[in-house]
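The tour goes from side chain to side chain, then on to the strands.

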Amino acid sequence: QVQLEESGGGLVQPGGSLRLSCAASGSFFAINGMGWYRQAPGKQRDLVARISSSGSTNYAYSVKGRFTISRDNAKNTVYLQMNSLKPDDTAVYYCNADAMGWGASAYENYWGQGTQVTVSS
């Protein structure tokens, strides 16, 4: 089993910055891709950014140039640096990871509990 614990959400004014962190813990052999998704009230959960184990990244068009995803493989942690935040970025942000347990033959997908990001003046 893998647990993903997010931190770093909160209330910020438009134009401000926040940094989200997500640490993976539990019993696993390897973690492959990690990423961030978000869900605003009444909307579906959408990809924000994703990073592979080798560092390749992809971003939603709406956050390109403003958000940066990174990871520390030694700490099993993924980060999301969010700059120039807009009210439309308000959502619950969820961490996501593909992890392989000991003795397993395939990766399984895991979700964190989510952290609220509110952009408002």
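Select Arg50. The side chains of Arg50 and Asp98 meet in a salt bridge, 2.8 Å from N to O. Arg50 sits in strand β5 (residues 46-51) and Asp98 in strand β9, so zoom out: the pair links distant parts of the chain, 48 residues apart. Strands here are DSSP runs (E, at least two residues), as helices would be (H or I, at least four), numbered from the N terminus. A salt bridge requires a side-chain nitrogen of Lys or Arg within 4 Å of a carboxyl oxygen of Asp or Glu. By this rule the count is three.

A word on the source. This is a predicted model, in which local features need pLDDT of at least 70 and side-chain atom pairs count only at pLDDT 80 or more, while totals for chains, interfaces and linings use all residues. Residues are numbered from 1 along each chain as its sequence is written, and side-chain values use heavy atoms, with hydrogens and water left out.

Next, select Asp89. Is Asp89 buried or exposed? Asp89 is buried, with a relative accessible area of 1%. Arg38 forms a salt bridge with Asp89, with the closest N and O atoms 2.9 Å apart. Arg38 lies in strand β4 (residues 30-39), Asp89 in the loop between β8 and β9 (91-100); they are 51 residues apart and link distant parts of the chain. Arg38, at 15% relative accessibility, also counts as buried.

Arg66 comes from the loop between β6 (57-59) and β7, 23 residues from Asp89. Both Arg66 and Asp89 are buried. Show the three together: Arg38, Arg66 and Asp89 are linked in a network of salt bridges.

Now switch to cartoon and select residues 77-82. This is strand β8, and five of its six residues are buried. Two strands pair if DSSP finds at least two bridges between them. Which partners does β8 have? Strand β3 (residues 18-26) pairs with β8 in the antiparallel sense over six bridges. Pick Cys22; its bridge partner in β8 is Val78. Strand β7 (residues 67-72) also runs antiparallel to β8, joined by six bridges. Here, Asp72 has Thr77 as its bridge partner.

Last stop: Asn76. β7 and β8 form a hairpin with four residues between them. Asn76, in the turn, has a positive phi of about 50°.

Methods. Buried < 20%, exposed > 50% of the residue type's maximum accessible area, 1.4 Å probe, protein only.
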